[in-house]
Amino acid sequence: MVQTTQAPPQGDPNHSPHEAIDLAQTPAGRTVRRIGHGGVFVPADPDAPEDPKDSTATLMPRTEAAVRRDLRENRFDATTSFDYLLRDLVPEFPAAHLPVGDDVARTRDALLRLGAGMIEAPAGTPTTPPAPPRDSTIPSIYTYWGQFIDHDITLNTNGPDDGSGPGGDQALGDIVSEPFRAFAPRVVRRSLHNGRNPLLDLDSLYGSGPRFEGEKDRGTTRSEAAYVPNSAKLRLGRIGTEPFGPFSLVAPGDDPQRDLPRSTEPGSERMPLVPDSRNDENLVVAQFHVAMIRFHNAVVDWVARHEPWNAVTQRELFDRARELVRFHYQWLVVHDYLRTLTKPGVLDSVLAMGPTLFRPARRVSMPLEFAVAAFRFGHSMVRGAYDFNVNFTGNGPGGVASLDFLFRFTGNGGLSPNPANPSPALPSNWPVEWPRLTDKGDPLSFRMARKIDPFLADGLGHLLNEGNAAAEPIKALLKQLAQRNLLRGYMLALPTGEAVAQELRARPLTPAQLRQNAAPEVVAALDDLAGTPLWYYVLKEAEVQGNGNFLGEVGSRILAETFVYLLRLDTESFMRHPGGDWTPAYGVRFEDGRLVTTISDLLAFAGVFPIGQDESGIPLFRRNGDGYAGHDGA
């Protein structure tokens, strides 16, 4: 049973109500009850212990040994730690941070005004592509690839924003708690925990893995991933292959395996059978997860054909396929994703020198400056509408795909434009056409992501699927993404942008640069803050140093240091492969010998991106025998 001590006074901003309890180290541990934004983490009831193998927890692929230990010791603990990337700034709290104490209310008010000023004014329902001034040179896929990465490595545990659910971890409270509290770094480090293993090992794709017949000591934990029985493949959901109304089939129109596997159980219809249901938050990230499922299945077929010695049993086949999928994914995160989004030279410097900044108390930790600020740069890249496919485009029958529609065509949205009339499956007019979102040379600028800058699309000021159970004014705050990000950074004791730049020996932005092109209300809010919030600073730095097309020095360094640290920490990553770093030359290949070296290559290998066209101009997709590549075989 957890031993507690008397909690510090509620009004003391430097203590949490449960500071005496380090819940990541207690016998009670934590169990994930629900995966999603605002998900609830609940300490196990010591009077009614739940067997982990029968629990509703989403268990990660490397927690098998921990779960066996927990079964022996009557405990369950599947969280990892958060810590600070720049530990030398921690002793300077609050000198290197936004002010606390008597200044909390004033600082909170300024942050709310700053967040309100960062959201663009509504422009009405879009029927044509939006105006191009904020279009970047970054294809839109990088916005949602980043979201997929984020869901794979971070899930903080500071409880439900709106107070719903069976309690949650209230060790820190929340941004909607009254009174609002900004905590000291030592309290945050002690009380906040990560529901993900942050090692880029695709636990959001594989869960705890399959269990094959006859295995007594493998796969004994519950997996949220849907596997094909007695197969090394992951299941896929089906869509219709018949057109309806004015809409056309999306090429290839005869391919039905183009959605997430979904539950048909009463009460949970349409919910995705994947380890992290946040990957069904919007249709683009859902389609990206579908592509990753299909890439795994295509790799399974490739291994069976080209490495039969690794496919004697289904277990050997799965293990080898998963290794190759992880290696390709990790290599692409470094050499495609990071190279596209970071300032030239920064990544190469970190790769050459090794990560030098992150020295956490617990080696498997996630830097807060990354998770709560720098890696949230992707929010500014979200468009209000997308050139999505042949049906939802500027001159298509549905017009461009609005952000609102991309949230509706998910499990939570009912897979339908009308929540009162949900659909049992994704309609045939809604699969994504990836070439519209991936081409770096596309002359159509409205196919690109928005620039990385402190100006967010109007749709992010009123998120469709967030905070709906809360009462006003909490509901309004939870739906306003910029305000949420700013308040969380303040609550979790992130250092200011200026302090981080100085620590990194980067030239800090000047006050004039921080305010250039800003609306008067943003300037006034910045004037009322004793320092610049790190998230805002990273966005503004990208605007000033990269014209919104890549991150600046501070943002790039935080990303490169974090990813390289995590990959070099992981003994099973491509960077730790025996004999030196693994490259795609040692991975899967197309039939003509080409390598998988870009995200478009991965999509093409998975059978969801055309590899060419026939003499009539009809797109051709990679196939496996009589079917398309990446099918689940079920």
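Leu415 sits in the loop between α10 and α11, in a model that is predicted rather than determined by experiment. Its phi is near 55°, a positive value in a residue other than glycine. At 0% relative accessibility, Leu415 counts as buried (buried means under 20% relative accessible area, exposed over 50% and partly exposed in between, with a 1.4 Å probe and protein chains only). Ala493 also has a positive phi, near 60°, and is found in the loop between α13 (481-491) and α14 (497-503). With a relative accessibility of 3%, Ala493 counts as buried. Helices and strands here are DSSP runs numbered from the N terminus, helices being H or I with at least four residues and strands E with at least two.

The bond from Phe93 to Pro94 is cis, with omega near 0°, and Pro94 lies in the loop between β3 (80-83) and α2 (104-118). The bond from Ala251 to Pro252 is cis as well, with omega near -10°; Pro252 is placed in the loop between α5 (203-206) and α6. For context, most residues other than glycine have a negative phi, and most peptide bonds are trans.

Residues are numbered from 1 along each chain as its sequence is written, and side-chain values use heavy atoms, with hydrogens and water left out. Because the model is predicted, local features need pLDDT of at least 70 and side-chain atom pairs count only at pLDDT 80 or more, while totals for chains, interfaces and linings use all residues.

Taken as a whole, the protein chain comes to 19 helices and 13 strands. Of its 634 residues, 60% count as buried. Among contacts between residues at least 6 apart in sequence, 73% join residues at least 24 apart, where contact means heavy atoms within 4.5 Å.

Helix packing comes next. Two packed helices are described by the angle between their axes and the distance between the axes. The axes of helix α3 (residues 141-153) and helix α7 (residues 314-341) come within 12 Å and cross at roughly 130°; axes are lines fitted to C-alpha atoms, for helices over the stretch in contact, and angles run from 0 to 180 degrees between N-to-C directions. The two helices are therefore oblique to each other (angles under 35 degrees count as roughly parallel, over 145 as roughly antiparallel, 65 to 115 as roughly perpendicular and the rest as oblique). On the α3 side, the contact is made by Tyr142, Trp145, Gly146, Phe148, Ile149 and Asp152, and on the α7 side by Tyr329, Leu332, Val333, Asp336, Tyr337, Thr340 and Leu341. These residues divide into nine nonpolar, two polar and two charged, with Ala, Val, Leu, Ile, Met, Phe, Trp, Tyr, Cys and Pro counted as nonpolar, Asp, Glu, Lys and Arg as charged, and the others, Gly among them, as polar.

Helix α7 also packs with helix α8 (residues 346-353), at an angle of about 140° and with the axes 10 Å apart. That makes α7 oblique to α8. Here Val334, His335, Leu338 and Arg339 of α7 meet Leu347, Asp348 and Leu351 of α8. The residues of this contact comprise four nonpolar, one polar and two charged.

Aromatic side chains complete the picture. The structure holds 28 aromatic pairs (rings of Phe, Tyr and Trp, the last by its six-membered ring, pair if their centres lie within 6.5 Å; planes under 30 degrees apart count as stacked, over 60 as edge-to-face and the rest as tilted). Phe148 and Phe288 form a tilted pair, 5.1 Å centre to centre with 55° between the planes. This pair links distant parts of the chain, with Phe148 in helix α3 and Phe288 in helix α6 (residues 283-306), 140 residues apart. Phe148 is buried, with a relative accessible area of 0%, and Phe288 is buried at 1%. The rings of Phe392 and Trp430 have their centres 3.8 Å apart and their planes at 15°, so this pair is stacked. Phe392 lies in the loop between β7 (385-386) and β8 (401-402), and Trp430 in the loop between α10 (403-408) and α11 (435-438), 38 residues apart. Phe392 counts as buried at 3% relative accessibility, as does Trp430 at 1%. Ring pairs also link Tyr142, Trp145, Phe148, Phe288, Tyr329, Tyr337, Phe370, Phe375, Phe377, Trp434 and Phe563 into a cluster.
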